[in-house]
Amino acid sequence: MPFASLQSSPLVPGVTPVNIYYRDEGQGLPLVLLHGGWGYGLNPFDLQIEQLRSSFRVICPDRSGYGRSNRPVPFPPDFHYRAADETLKLLDSLGIGRAFLWGHSDGAVIAAIIGFRAPGRVRGLILEAFHFYRTKPGSREFFEMLVLQPENLGEDLRRKFALELGAAEWRRLITDHAKVWLEIALESAHPQDDLYYGKLHEVVAPTLIIHGQLDPRTEPEELAAVSTHLPHAEMQILDGAGHSPHSEPAFGDIATRLAREFLMRHKT
């Protein structure tokens with residue numbers, strides 16, 4: 001099992017070393033897959049690793065707090081920015097200068113942050129189930145349910161969480177994750193404040209946005225706002241898809257095909 005040993009990570013302050021588990025398959029230009037807020041096991045990139053490893057070196061880490069990596073303290077409101085720093089430290093430890101980044105949900109936020117904070121490290125971005133607004137009124141009830149009654153997720157999801165995060169840990173992580181999204185909203189001065197403090201337009205790397213038309217975490221006009229700030233981005237809306245097209249049986253192959261075409265266009 002490959003682990004990277006980092007001297008430190010802002011996601012787990014005061015801990016040294018920080019051990020990050022990562023999947024590493026294939027050869028070629030590096031493609032880093034960044035999982036969402038529920039971890040790799042809930043929305044796995046297995047299909048993408050299988051189909052893309054013949055053309056790319058596919059690396060998929062578990063962020064601190066997930067899978068086999070270090071457990072973190074509760075999520076701070078700037079956890080996306082801390083995770084971006086951790087991701088760059090991981091790339092440094094693996095000797096990777098520039099990479100393609102494919103992020104899902106929270107992972108897409110992290111990828112975009114790297115896009116404008118460290119543009120020289122990014123060959124291209126694939127942003128799936130992308131978040132823009134800090135305030136998510138349409139998801140507030142959902143986040144509150146996760147904070148107060150995470151067991152309402154249902155038996156199948158609880159079982160998957162226990163496998164991914166541990167039977168003793170999954171409730172804490174899911175609850176903390178929902179709490180921090182509520183906190184991010186409370187700290188916002190305006191309903192249209194964004195997660196990037198007005199800097200998303202500084203992303204210069206080629207960008208593909210893959211989004212499910214039925215994504216329940218997307219606010220009205222959110223994608224239009226993204227297009228305003230990323231006018232050069234290619235946007236693919238998948239009719240009937242939800243929050244995780246890459247891991248949904250009906251859309252996994254479509255999402256992977258779109259990603260492969262984008263990646264091949266921008267390999268040179």
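# Values set against definitions

Me: Why is Phe161 called buried?
Reply: Phe161 has a relative accessible area of 0%. Buried means under 20% relative accessible area, exposed over 50%, and partly exposed in between, with a 1.4 Å probe and protein chains only. Phe161 therefore counts as buried.

Me: What kind of model is this, and what is left out?
Reply: The model is predicted, so local features need pLDDT of at least 70 and side-chain atom pairs count only at pLDDT 80 or more, while totals for chains, interfaces and linings use all residues. Residues are numbered from 1 along each chain as its sequence is written, and side-chain values use heavy atoms, with hydrogens and water left out.

Me: How many aromatic pairs does a search of the whole structure find?
Reply: The search finds 15. Rings of Phe, Tyr and Trp (its six-membered ring) pair if their centres lie within 6.5 Å; planes under 30 degrees apart are stacked, over 60 edge-to-face, the rest tilted.

Me: What makes Trp38 and Phe161 an edge-to-face pair?
Reply: Their ring centres are 5.0 Å apart and the planes stand at 80°, so the pair is edge-to-face.

Me: Which parts does that pair tie together?
Reply: Trp38 lies in the loop between β3 (29-34) and α1 (46-52), and Phe161 in helix α5 (residues 155-165). The pair therefore ties together parts that are 123 residues apart in sequence. Helices (H or I, at least four residues) and strands (E, at least two) are DSSP runs, numbered from the N terminus.

Me: What makes Phe75 and Phe79 an edge-to-face pair?
Reply: The distance is 5.2 Å centre to centre, with 70° between the planes. Phe75 is buried at 13% relative accessible area, and Phe79 is buried at 2%.

Me: Which residues do ring pairs link into a cluster?
Reply: Trp38, Phe142, Phe143, Phe161, Trp170 and Trp181.

Me: How do you know that Arg23 sits over the ring of Tyr40?
Reply: The charged end of Arg23 is 3.7 Å from the ring centre of Tyr40. A charge sits over a ring if NZ of Lys or CZ of Arg is within 6 Å of the ring centre and within 35 degrees of the ring normal. Arg68 likewise has its charged end over the ring of Tyr21, 4.7 Å from the centre.

Me: Why is the protein called as compact as a globular protein of its length?
Reply: It has eight helices and eight strands. Its radius of gyration is 17 Å, close to the 18 Å that the globule rule gives for 268 residues, so the description holds. The radius is taken over C-alpha atoms, and the rule is 2.2 Å times the number of residues to the power 0.38. Of the 268 residues, 55% count as buried.

Me: Which residues touch the most other members of the largest nonpolar core?
Reply: Leu127, Ile174 and Tyr196, in a core of 63 residues. A nonpolar core is a set of buried Ala, Val, Leu, Ile, Met, Phe, Trp, Tyr and Cys residues joined through side-chain atoms within 4.5 Å. Apart from this core lies another, of 22 residues, including Leu33, Val58, Phe100 and Leu208.

Me: What does Ile174 contact, leaving aside neighbours within four places in sequence?
Reply: Trp38, Leu146, Leu153, Phe161 and Leu165. Contact means heavy atoms within 4.5 Å.

Me: How do you know that Gly107 is buried?
Reply: Its relative accessible area is 0%. Gly107 lies in helix α3 (residues 106-117). Beyond neighbours within four places in sequence, Gly107 contacts Leu34, His35, Gly36 and Arg63.

Me: Where is the peptide bond that is cis?
Reply: From Thr16 to Pro17, with omega near -10°. Pro17 is in the loop between β1 (3-6) and β2 (18-25). Most peptide bonds are trans, and most residues other than glycine have a negative phi.

Me: Is Ser105 buried or exposed, and Tyr197?
Reply: Ser105 is buried, at 7%, whereas Tyr197 is exposed, at 56%. Neither is a glycine, yet phi is positive: about 60° at Ser105 and about 55° at Tyr197. Ser105 lies in the loop between β5 (99-104) and α3; Tyr197 lies in the loop between α6 (170-186) and β7 (207-212).

Me: What makes His266 partly exposed?
Reply: Its relative accessibility is 27%, so His266 falls in the partly exposed class. His266 is in the segment after α8 (252-265). Leaving aside neighbours within four places in sequence, His266 contacts Phe100 and Pro206.
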